[in-house]
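I am opening a notebook on this structure.

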Amino acid sequence: YDDRDGWIWFDGKLVPWREANVHVLTHGLHYASSVFEGQRAYNGTIFKLTEHSERLRRSAALLGFELPWSTAEIDAACKEVLSANGMTDAYMRPVAWLGSEKMGVSPTGAKPHLAIAAWEWGKYYPPEKAEQGIRLTIAPWRRPAPYTAPTESKAAGLYMICMMSKKHAETSGYDDALMFDWRGRVAEATGANIFFVRDNAVHTPVPDCFLDGITRRTVMDLARNRGVEVQEREIWPDELESFEQCFLTGTAAEVTPVGSIGPWDFKVGDLTRQLVKDYDDLVYGRLPND
Ligand code: PMP
């Protein structure tokens, strides 16, 4: 991804794509002092931009570093990246990390940096697979407890278990993996939150050790706006066989139907299809956005 045309916002300036580099002794690379965002622009508007910029600052603060850019400045920088690259529809990646000003575990003396890139990223899962529902396996790794890691932070370090679980899924012939949490409860996929449907009600796990996704909260509202009951509660694996439908939510994944998790099959039902459409209508401004 480093050899292409375009502009990347880097510590306050737009730099050519190929020159947006860091040193090998970057603190964030060695000790995971790095946090990031993922957001999408649809038709020139970055969906829920301020929520993403705020979460970036909060993610960094949870790791103990303060970004010297305000939420408004990050919002403006994201818009600048989009227009500098002449894009209206893009996936955007703000990333903040501690730099190469010093070495050693202690972050003291290492400075926070921020870069923002944008590129075209179509559907996260191949549309022909999503149409029938993607196939998940069970991840070999579990989400850590909130006393083991800052699980509310979109921290690069927390993606190690996601990355390994995703690789396990792909090498076993699946599209993604369902991760349980440290207690053994259903948690989320490797880059998206999970929902189930039963008797026309929506069920989703309590986000007490994984991201309470911006898409997750949006889709909960969309369901409620349709008069659908939303139950946020603990979900254990022995309940999986009783659910009729299942879908994932995330900025990249949007709303993606799930066809199976290991041996349990789900149908791509009316409510799932409705929420896929409602989310699409919302991001393209065809539904009011509060
Ligand atoms: N969980 C994980 C592990 C993720 O990477 C994402 C994507 N950011 C989500 C959940 C969903 O979050 P959001 O809807 O805010 O994109």
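I began with burial: a residue is buried if 20 or more other C-beta atoms lie within 10 Å of its own, exposed if 12 or fewer, and partly exposed in between, with C-beta atoms placed from the backbone. I also noted that this is a predicted model, in which local features need pLDDT of at least 70, side-chain atom pairs count only at pLDDT 80 or more, and totals for chains, interfaces and linings use all residues. Residues are numbered from 1 along each chain as its sequence is written.

**Entry 1, helix H5.** I took helices (H or I, at least four residues) and strands (E, at least two) as DSSP runs, numbered from the N terminus. Which residues of H5 are buried? I found Cys162, Ser165, Lys166 and Ala169. They sit on the same side of H5, because they cover an arc of only 100° around the axis; the arc is that of the directions from the helix axis to the C-beta atoms. An α-helix has 3.6 residues a turn, so residues three or four places apart point the same way. On the other side of H5, I found Met160 and Thr171 exposed.

I then looked up contacts, which need the C-beta atoms of two residues, placed from the backbone, to lie within 7 Å. The buried residues of H5 pack against strand S8 (134-138) and strand S9 (176-180). After H5 comes Gly173, with a positive phi near 90°.

**Entry 2, the chain as a whole.** I counted seven helices and 16 strands in the protein chain. Buried residues are 41% of its 290 residues. Of the contacts between residues at least 6 apart in sequence, 68% join residues at least 24 apart. The C-alpha atoms fill a box of roughly 55 × 40 × 35 Å along the principal axes.

The domain bounds come from an automatic or database domain assignment. It gives domain 1 (7-119) and domain 2 (127-283). Their centres, taken over C-alpha atoms, are separated by 26 Å. The contact takes 18 residues from domain 1 and eleven residues from domain 2. On the side of domain 1 that touches domain 2, strand S3 (34-36), strand S4 (39-42) and helix H2 (49-62) each give two or more residues. H2 gives the most there, with five residues.

I looked for nonpolar cores, each a set of buried Ala, Val, Leu, Ile, Met, Phe, Trp, Tyr and Cys residues joined through C-beta atoms within 7 Å. The largest has 70 residues, and Cys78, Val81, Ile116 and Leu178 have the most contacts inside it. This core lies between domain 1 and domain 2, because both give residues to it. Leaving out residues up to four places away in sequence, Val81 touches Trp7, Trp9, Met92, Ile116 and Ala118.

Asp11 is not a glycine, yet its phi is positive, about 50°. I located Asp11 in the loop between strand S1 (7-10) and strand S2 (13-16). Asp11 counts as partly exposed, because it has 14 C-beta neighbours inside 10 Å. Glu254, also a residue other than glycine, has a positive phi near 55°. Glu254 is found in strand S15 (residues 254-261). Is Glu254 buried or exposed? Glu254 counts as buried, with 22 C-beta neighbours inside 10 Å.
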